[in-house]
Amino acid sequence: MSTTTTAPAAPTDAAAPRLPAPIAGGRPTTGIPFTRLVAVELRKMLDTRAGRWLLIAIGVVIAGALTVLFVRGGGDHPFGDYLQATTMPMAILLPIVGILAVTAEWSQRTALVTFTLEARRARVTWAKVLASLVVGVVAVAFSFALGALAHAAAVGLRGATGDWDLAGTVWLGAAGYVLLGLLQGLGFAMLLRNTPAAVVAYFVLPTAWSILGSLVTQVETAARWLDLNRTMEPLFTGSLTGEQWAQLGTSVGVWVVLPLTAGMWWITRAEVK
Amino acid sequence: MISVDHVTKRYGAFTALDDVSFEARPGRVTGFLGPNGAGKTTAMRVVAGLTPATTGRATVLGRPYATLPNPGRHVGLLLDASAQHAGRTGREVLTLGAILTGVDRRRVDDTLELVGLTSKEANRRIRNYSLGMRQRLGIAHALLADPEVLVLDEPANGLDPAGIRWMRSLLRGFAERGGTVLLSSHLLGEIERIADDIVVIGGGRIVASGTTAELLAGSGTVVRSTDDARLARALADRAVAVTKVEAGGLLADTDPATVGQAALHAGVALLELRGGDERGLEEMFFELTASSAREGAMA
């Protein structure tokens with residue numbers, strides 16, 4: 001009967017599995033701290049190939065734009081141009097990071113895990129919003145620094161004339177442009193919960209609205225209050241009048257606050273599939 | 001401890017769960033058995049707070065899931081092994097879980113080792129995982145934060161026979177520690193091997209529930225002897241209902257001991273005597289769910 005005993009050992013599977021040792025101490029009676037949720041959401045933005053490549057792509061586009069500025073015309077451009085070269089690509093592409101942070105939960109169906117490890121869905125979603133803003137603020141600071149660095153390098157290395165003149169609100173405009181775009185992307189993502197739909201809506205809707213506003217006179221008046229591209233323009237040129245602030249506020253309300261609110265309402269009530 | 005109390009879930013005119021009540025108790029493995037589309041997954045999703053019940057309520061450890069503080073430390077869930085980001089590595093998924101639940105990161109390695117995923121496999125992206133590997137990762141994720149309740153939806157799917165055996169003893173060990181296990185399956189053989197209690201669902205209704213022993217006991221005794229006709233008469237004298245089994249032998253509606261006594265008195269030698277175990281539960285499963293099962297339409 002020795003032949004039966006020399007049969008290849010069964011895989012370790014057959015042996016009784018040993019459960020990991022129980023965790024000492026009692027079970028938690030307090031919830032997950034919000035800061036931890038934000039930290040995890042931040043990590044989730046960077047730990048997938050999609051997220052990482054998106055950030056790399058933004059970096060590449062910015063580097064390309066700066067190189068063009070640096071080479072063309074002997075690098076002789078005002079700082080404002082450099083700032084635009086770093087902020088514009090950021091403003092256009094960064095919202096996709098925010099969109100993916102929300103829609104991936106549904107397209108990859110990770111919501112099943114996310115909303116069972118923290119059942120208070122509004123907290124998770126606010127953590128996503130906050131994490132996106134952290135990424136946005138870091139990105140804005142980075143783009144400002146990079147723009148300044150590039151301008152300084154153009155002055156130092158290529159003998160360009162230094163022109164650091166910037167209207168006070170340009171900083172605000174550039175930062176607002178990136179961060180509001182990010183929030184708008186998040187809002188659309190929460191409403192649509194589908195990556196392609198949210199990306200298309202984010203890029204097409206406001207632009208279509210801008211075009212409509214410039215073509216149809218009846219829409220023109222409304223567009224002055226509701227076209228985010230137009231209401232943000234004064235930020236880049238200098239001071240804003242009271243009416244311009246009101247117009248900016250109104251458009252932000254419609255394109256940013258409304259989608260975020262409706263999206264939040266839906267996420268906290270819907271069935272998670 | 002899981003308690004589902006008169007839960008009904010409707011989608012428009014369709015009733016997915018119809019007044020469903022059952023319990024899963026600590027220290028025991030509760031098998032949730034039913035054909036595809038019977039409502040097992042919906043019921044488990046209601047337990048996990050992912051699907052709101054139309055009426056009724058479900059509690060875990062005495063409270064609604066959504067009110068559990070840091071729920072991962074209390075309940076381990078595996079509802080869909082494919083519901084993981086394809087672009088993340090298995091290790092990353094567990095690391096995220098460890099950070100969020102606040103457990104030592106070393107448990108990531110412990111649970112990976114437990115489910116038999118090598119570190120090379122754990123560092124691969126999930127899109128390259130087989131279903132079996134996803135199931136193992138899902139079980140690792142469920143056990144990561146040392147929960148006292150496990151809810152597993154079709155965990156044996158995609159596991160090879162050795163893997164199924166491994167899981168069986170894993171869940172047994174978990175229950176012996178005092179944990180509560182609720183696992184679903186549409187395979188009867190799998191459930192009756194592992195479960196202490198069985199809940200059978202069909203067409204959104206609970207059609208039977210009880211301990212596995214109880215449900216098996218109801219299925220009578222299969223007996224073969226040198227003289228079946230004489231044994232049948234002896235059993236009939238004792239008011240035991242007897243039916244002839246086509247393949248030979250008798251099915252007696254009583255326990256094996258009574259049949260043995262009757263045979264002794266009748267002077268008939270027994271060739272085979274056993275509880276009508278698997279076949280009985282199988283009959284019950286088909287009978288109870290036939291009207292609601294998809295296969296029912298063809299029968």
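Is Trp209(A) buried or exposed? Hold that thought for a second while I do the housekeeping. This is a predicted model, where local features need pLDDT of at least 70, side-chain atom pairs count only at pLDDT 80 or more, and totals for chains, interfaces and linings use all residues. Residues are numbered from 1 along each chain as its sequence is written, chains are lettered from A and ligands numbered from 1 in the order in which they are written, and side-chain values use heavy atoms, with hydrogens and water left out.

Okay, back to the tryptophan. Trp209(A) is buried, at 19% relative accessible area; buried means under 20%, exposed over 50%, and partly exposed in between, with a 1.4 Å probe and protein chains only. You'll find Trp209(A) in helix H8 of chain A, residues 195–215. Helices here are DSSP runs of H or I with at least four residues, strands are E runs of at least two, and both are numbered from the N terminus. Skip the neighbours within four places in sequence, and Trp209(A) is in contact with residues including Val219(A), Leu226(A) and Trp255(A), contact being heavy atoms within 4.5 Å. A polar atom of the Trp209(A) side chain also sits 3.2 Å from the backbone oxygen of Leu226(A).

Over to chain B. Chain B has 11 helices and 13 strands, and 55% of its 299 residues count as buried. Its C-alpha trace spans about 70 × 45 × 35 Å along the principal axes.

One residue I like there is Asp197(B), in strand E8, residues 197–202. Asp197(B) counts as buried, at 7% relative accessibility. Its side chain makes a polar contact of 2.6 Å with the side chain of Arg28(B). By polar contact I mean a pair of N or O atoms within 3.5 Å; within protein, one must be able to donate a hydrogen and the other to accept it, and residues adjacent in sequence count only if both atoms are side-chain atoms.

Now, charges. Side chains of opposite charge can pair when their charged atoms come close. The structure holds 23 salt bridges over all chains, each a side-chain nitrogen of Lys or Arg within 4 Å of a carboxyl oxygen of Asp or Glu. In chain A, Lys44(A) pairs with Glu41(A) at 3.2 Å between the closest N and O atoms. Both are buried, and they lie three residues apart in helix H2 of chain A, about one turn. Glu41(A) and Lys44(A) also belong to a salt-bridge network with Glu105(A) and Lys128(A).

In chain B, Arg91(B) and Asp109(B) form a salt bridge at 2.9 Å, N to O. Arg91(B) is in helix H2 and Asp109(B) in helix H3 of chain B, so the pair ties together parts that are 18 residues apart in sequence. Arg91(B) is partly exposed at 22%, and Asp109(B) is partly exposed at 38%.

Last stop, the interface. The contact takes 56 residues from chain B and 45 from chain A. The two chains bury about 4,400 Å² between them, 58% of it on carbon and sulfur atoms; that's accessible area, with a 1.4 Å probe, lost on putting the two parts together and summed over both. There are five salt bridges between chain B and chain A, and Glu148(B) meets Arg27(A) in a salt bridge at 3.1 Å, N to O. The rule also finds 20 residue pairs in polar contact across the interface, both at pLDDT 80 or more. On the chain B side, the largest share, eight residues, comes from H6(B).
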